[in-house]
Amino acid sequence: MKTVKGLHEKMHTFDNANTSFRKAAKCKRYSKEVLAFSMSKEEELLRACEEVKNLTYTQGAYTIFKVWEPKERLIMALPFYDRVVQHMIVNIIGPVFEQGFYYHSYACREGKGMHAASEQLSQWMYELMIKEGLRLYGFKGDIHKYFASIPHNKLKEENRRYIGDKKALYLMDGIIDKNGILPDGVGIPVGNLTSQLFANVYGNKLDKFVKHTLHAKYYIRYMDDFIILSADLEQLKEWRKRIEEFLEKEMELQINPKSTILYAGNGIDFCGYIHHPEYKKVRKASVRKLKKNVKQLEAGELERVEFEKKYQSRLGHMGHADTYHLTKAIEYELLFWEWEQTESGIAIPA
């Protein structure tokens, strides 16, 4: 593969820095750190250009916290200035990698995403099970602690298969090495823009193995989760064994013990939905959380403004599945609760 050069000089232009500021500030323009940066925006962007140009950029310290949705994860967030610099780098190297990515890899890519991945899996299941009448099975795979387990040496090797610009690679290596509280030489922080890209770069090794070596036709990946469909159960078992071996030997990663082969007719859990050949449901956990929020609102344990944020978010998620009756039942429950409040003379917060 011919590597791409001449990238570094594109990174440190003021136009790229200004574009990066807009991307980093998107939906956060009124946060304290963005407002503080904006007070001296031109000076800060010129500083970023100078540091990237002269290779003197040093990454700032991480702020570390946990999130619990959709599952518990440790997040390491950089200061806003560093996020702008990461955009400056990704704006230039991202398109180079994008050209080599597998089409049905859906995480953190423009025009892809969770819902597109879900729709593609639904389409395959309908075509194979309903139109062709096949008894279909799925290998539901998950890479164990993917972000925290990526080896730096092998990630850097993979980067060099695409990029031949030494100065660009120097900046990329520096970001990879500054991995917060993770062990030296292993892991990239969840929350970094570059981590999202590098995780896709490294995951593309698995994509190529599954497509070009195993020749699996119906394979889809969303970051560390992937599905392979086949009507041949024994073939799936063989593929699972070879994928586990490839991950361990070639990528120094482990398959999650929860990975399994299942009958697709019972539903395949992927990207937040349970997929069946003719319909799609949301996970029971999502329904429980929504009902819990409703009960908290009714009991006065959750402010109306906060409830509305959660409610609209969950409705948006459920809108991509067959949940009409469920959402209508919850809507009627809320209307009845509001009517009760009004009848009893209790003011409902706006």
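This is a predicted model: local features need pLDDT of at least 70, side-chain atom pairs count only at pLDDT 80 or more; totals for chains, interfaces and linings use all residues.
The expected span of a helix is 1.5 Å times one less than its number of residues; helices (H or I, at least four residues) and strands (E, at least two) are DSSP runs, numbered from the N terminus.

View 1. Residues are numbered from 1 along each chain as its sequence is written, and side-chain values use heavy atoms, with hydrogens and water left out. With 18 residues at 1.5 Å a residue, α11 should span 26 Å, and its end C-alpha atoms sit 25 Å apart, which agrees.

**View 2. The two sides of α11.** Leu236, Trp239, Ile243, Phe246 and Leu247 are buried (under 20% relative accessible area; exposed is over 50%, partly exposed in between; 1.4 Å probe, protein chains only). Looking down the helix axis, the buried residues of α11 fall within an arc of 95° (taken from the directions from the axis to the C-beta atoms), so they line one face. Over on the other side, Glu234 and Lys249 are exposed.

**View 3. What the buried face meets.** The buried residues of α11 pack against β3, α10, β5 and β6 (contact: heavy atoms within 4.5 Å).

**View 4. The open sheet.** Four strands run in the order β4-β5-β3-β6, with antiparallel pairing (two strands pair if DSSP finds at least two bridges between them). At the edges are β4 (218–222) and β6 (260–263), each pairing on one side only.
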